[in-house]
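User: I would like to learn how to read a few features of a protein model. Could you take me through them one at a time?

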Amino acid sequence: MVGPEAATTASVHEGIDAMRTARETIALEIAGLEALAASIDERFVAVVDLVKACRGRVIVTGVGKSGHIGQKIAATLASTGTPAFFLHAAEAAHGDLGMVGDDDVVIAISNSGESTELQAIIEYCRRFRVTLVAMTARPASALGRHADALLALPDAVEACPLALAPMTSTTMSLAIGDALAAALIRARNFQRDDFAKFHPAGKLGAQLLRMHEVLERLPHLKEVPSVPRDALLPAVIAAISNGRRGATAVMEADGRLAGIVTDGDLRRAMTDRSVFDRTAADMMTVDPRQIGADKLAVDALALCEAERLGALFVEADGEIVGLVDLKGLLSLGIV
């Protein structure tokens with residue numbers, strides 16, 4: 001039997017070895033990325049121009065680990081304004097080549113450039129004159145020779161201790177795919193508004209909501225509690241309580257916004273014995289903060305947090321169309 005001290009020593013050595021291996025792996029991949037950054041040249045620019053000018057779709061293809069990377073690249077392109085999808089190279093030869101059109105650009109990923117599964121795609125692109133971009137570390141390979149443009153990967157050491165599993169090469173492939181997407185974002189002047197169209201769900205979608213969309217999702221926020229300037233304390237309390245947003249608008253006789261009375265204003269007013277004789281105009285905060293209906297919900301939340309506002313008026317075309325509170329914004333999952 002192995003004693004507890006020996007077992008503990010073995011565990012410590014294994015832990016040290018694991019940490020060393022992790023650091024070596026990361027260092028090798030960093031070296032690969034640094035070599036990739038240094039290798040970017042006019043060939044990359046040519047690919048950006050090809051993809052930007054593409055009238056069809058960008059079709060990313062590959063097999064194995066390259067296929068997994070290709071799926072991510074296609075998804076990133078599609079979500080940032082470049083119509084794209086992933087085509088599995090093995091399925092392409094069994095009918096899926098019908099998805100590839102004359103106006104498309106095919107990006108084929110293969111570190112060696114000799115993946116047999118890509119042969120059918122290469123031949124198809126040559127026969128029908130479909131633009132083919134090779135992402136490879138071997139420009140002289142079958143893929144590299146027949147491609148119209150090249151996303152070149154430097155010849156880097158794989159981080160796999162056995163030198164078998166692709167690690168550094170897949171990291172570089174992913175990085176140059178991200179670089180392509182980033183360059184296209186700038187080339188197309190793709191904005192946050194455009195990004196929001198493709199990300200309607202989840203936390204990201206909530207952050208990209210416009211205030212008019214917030215009001216559509218939470219229609220009760222369109223109902224703005226209000227009192228006239230001469231309203232006395234009981235009416236003000238009732239408006240705040242019924243509105244359930246910790247505040248009420250104070251309106252001029254002609255319907256214009258005069259101010260806001262919040263829970264905090266009420267508490268401060270309660271310190272004066274004459275509070276029951278005071279009107280809403282006496283207690284209100286004039287010129288309350290507003291945000292345009294076309295502004296982002298995340299900007300409204302930031303404004304509330306920066307200025308410690310419990311509620312914020314939404315304005316459209318000079319009119320108050322809603323009153324949002326922190327609770328309502330947070331319920332959308334913005335943070």
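Predicted model: local features only at pLDDT ≥ 70, side-chain atom pairs only at ≥ 80, totals over all residues.

Analyst: Residues are numbered from 1 along each chain as its sequence is written, and side-chain values use heavy atoms, with hydrogens and water left out.

User: How do I read a sheet, and what is the strand order in the open sheet of 3 strands?

Analyst: Strands of a sheet pair through backbone hydrogen bonds, either parallel or antiparallel. Helices (H or I, at least four residues) and strands (E, at least two) are DSSP runs, numbered from the N terminus, and two strands pair if DSSP finds at least two bridges between them. Here the order is 10-11-12, with mixed pairing. Strand 10 (290–292) and strand 12 (319–325) are the edges, each pairing on one side only. From one strand to the next the twist averages 35°, with axes as lines fitted to C-alpha atoms and angles running from 0 to 180 degrees between N-to-C directions.

User: How many bridges join strand 11 to strand 12?

Analyst: Strand 11 (residues 311–316) is joined to strand 12 by 6 bridges, and the two run antiparallel. Within this pairing, Glu-315 stands opposite Ile-320 of strand 12.

User: Why does the length of helix 3 agree with what it should span?

Analyst: The expected span is 1.5 Å times one less than the number of residues. Helix 3 (residues 64–79) has 16 residues and should span 22 Å; its end C-alpha atoms are 23 Å apart, which agrees. Its buried residues (under 20% relative accessible area; exposed is over 50%, partly exposed in between, with a 1.4 Å probe and protein chains only) include Ile-69, Ile-73 and Leu-77. Just after helix 3, Gly-81 takes a positive phi of about 100°.

User: What lines the largest cavity?

Analyst: On a 1 Å grid over the protein atoms alone, a cavity is a set of points where a 1.4 Å probe fits but cannot get out; a pocket is an open set with protein on both sides within 12 Å along at least five of seven lines, and lining residues have an atom within 4 Å of a point. The structure holds 1 cavity of 30 Å³ or more, and the largest cavity has a volume of about 60 Å³. Among its lining residues are Asp-41, Phe-44, Leu-150 and Ile-176. Strand 5 (149–152) gives the largest share of that lining, 3 residues.

User: Which residues are closest to the centre of the largest pocket?

Analyst: The largest pocket has a volume of about 330 Å³. Of the 20 residues that line it, Thr-262, Arg-308, Leu-309, Gly-310 and Ala-311 are the closest to its centre. Helix 12 supplies the largest share of the lining, 4 residues.

User: Where does Arg-308 lie, and is it buried or exposed?

Analyst: Arg-308 is in the loop between helix 14 (297–307) and strand 11. It is exposed, with a relative accessible area of 78%. Although Arg-308 is not a glycine, it has a positive phi of about 55°. Arg-129, also other than glycine, has a positive phi near 55°. Arg-129 lies in the loop between helix 5 (119–128) and strand 4 (131–136), and it counts as exposed because its relative accessibility is 76%.

Key. Points joined across faces, edges and corners; volume = space filled by probe spheres on them.
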